[in-house]
Amino acid sequence: MIENSSPALIIIVGAIFLAFLPRRLGQIWLVLLPVLSFCYLINITPGETRTSIFGTVPITPMVAGKINLLFGYLFHIAAIIAAIYSLGVKDRVQWCTGMLYAGSAIGVAFAGDLLTLFIFWELLAVTSVFQIWARKSARSGPSGIRYLLMHITSGLLLLGGAACQYSQTGNLAIQQMSLEGIGPWLIFLAIGIKCAFPFFHTWLVDSYPEATVTGAVFLSAFTTKAAICILAQTFCGLDILIIIGAVMAMFPIFFAVIENDLRRVLGYSMINQIGFMVVGVGIGTDLAVNGAMAHAFNDVLFKGLLFMSMGAVLFRTGKINGSDLGGLYKSMPITMIFCIIGAASISAFPLFS
């Protein structure tokens, strides 16, 4: 079965068992699952393509191109790190949905057609929202609903775009497009929502700070980077992306410097970093795209590290506003060291990132 399907199925199917395994065995399986999937992934031949039939429509559950493999490796690494960080969590829902979320991102990374992409695109939204709702605070419930509405809208736009593309071209393949016709425009807007384009960005800074300690780490790794992966495969070299990315790189910083909630600061910073990637994709040269993809790889690691550090502070102190904190280097020296590493990386300090 797996020979004709997406490599994401290993994690997606395996994640279901996390809801039933005893706690100790569940902890082992939580870390072992992405490791086993990664071992399977590294044996996939670069350039390999898997095709199947959905009714009468040919689909491509997996394309192992260079960008696909890069993000496939990245999402596995992120899943392994996030799993280790989540070992102390007692809520099985977070374990199960966290791995389903990671598997969905891997499915997006390897999708070779718009129908397969739509399935994993929606699964990405449905599984990730539980990382917000699991906090069970007064703000996490409404925030999760707003998050879900935005991402379901993105999925509907993608489905509409796919239908238009198939109607006009008879082709569902994920390939480079121009903004000519309603189909490409709908797909572009669907990707833009998940990339947090200007005016579509509010879901990110509204939801990530309301997630659980471990949920924010999962959220920072997958959704926006999966969107960048698809953007590079569909609209590379589109001039408007240079303008959009430049705006994304600039405007969030003004909000970040006046924000008090440290996880919200990281949310604005994430939009800023995604902006650089969007600019690279928009320029479209080999050097620019390689830089954008490399930066996406780095961003998952250092932004995840910063969210882990802030999560540790929130877990230990129950506070996350900068004005309420101070002197933590004395009581949390290890967290301080990792936070400095993340900050040096995002600041492009020599020998970091």
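Trainee: Is Tyr268 buried or exposed?
Mentor: Tyr268 is buried, at a relative accessible area of 11%. Buried means under 20% relative accessible area, exposed over 50%, and partly exposed in between, with a 1.4 Å probe and protein chains only.

Trainee: Where is Tyr268, and what is it in contact with?
Mentor: Tyr268 is in helix α12 (residues 262-283). Leaving aside neighbours within four places in sequence, Tyr268 is in contact with Val205, Pro252, Phe255, Ala256 and Glu259. Contact means heavy atoms within 4.5 Å. Helices (H or I, at least four residues) and strands (E, at least two) are DSSP runs, numbered from the N terminus.

Trainee: What kind of model is this, and what goes into the values?
Mentor: This is a predicted model, in which local features need pLDDT of at least 70 and side-chain atom pairs count only at pLDDT 80 or more, while totals for chains, interfaces and linings use all residues. Residues are numbered from 1 along each chain as its sequence is written, and side-chain values use heavy atoms, with hydrogens and water left out.

Trainee: Where is confidence lowest?
Mentor: In strand β1 (residues 49-54), at a mean of 83. Helix α8 (residues 182-195) has the highest, at 96. The chain averages a pLDDT of 92, and 99% of the residues score at least 70. pLDDT is the predictor's confidence in each residue, from 0 to 100.

Trainee: On to packing. How do α5 and α7 cross?
Mentor: The axes of helix α5 (residues 114-128) and helix α7 (residues 140-169) come within 9 Å and cross at roughly 175 degrees. The two helices are therefore roughly antiparallel. Axes are lines fitted to C-alpha atoms, for helices over the stretch in contact, and angles run from 0 to 180 degrees between N-to-C directions. Angles under 35 degrees count as roughly parallel, over 145 as roughly antiparallel, 65 to 115 as roughly perpendicular, and the rest as oblique.

Trainee: Which residues make the contact of α5 with α7, by class?
Mentor: There are 12 nonpolar, five polar and one charged residues. Among them are Trp121 and Glu122 of α5, and His151 and Leu158 of α7. Ala, Val, Leu, Ile, Met, Phe, Trp, Tyr, Cys and Pro count as nonpolar, Asp, Glu, Lys and Arg as charged, and the others, Gly among them, as polar.

Trainee: And α3 with α4, at what angle?
Mentor: Helix α3 (residues 66-85) packs on helix α4 (residues 92-110) at about 170 degrees, with the axes 8 Å apart. That makes α3 roughly antiparallel to α4. The contact has 11 nonpolar, three polar and no charged residues, including Phe71 and Phe75 in α3 and Met99 and Ile106 in α4.

Trainee: What does α1 pack against?
Mentor: Its buried residues pack against α2 (23-41), α3, α4 and α5. In helix α1 (residues 9-16), the buried ones are Ile11, Ile12, Gly14 and Ala15.

Trainee: How many disulfides are there?
Mentor: Zero in the whole structure. A disulfide is a pair of cysteine sulfur atoms within 2.5 Å.

Trainee: Last one: what is phi for Lys136?
Mentor: Near 55 degrees, a positive value in a residue other than glycine. Lys136 is in the loop between α6 (130-133) and α7, and is exposed at 71% relative accessibility.
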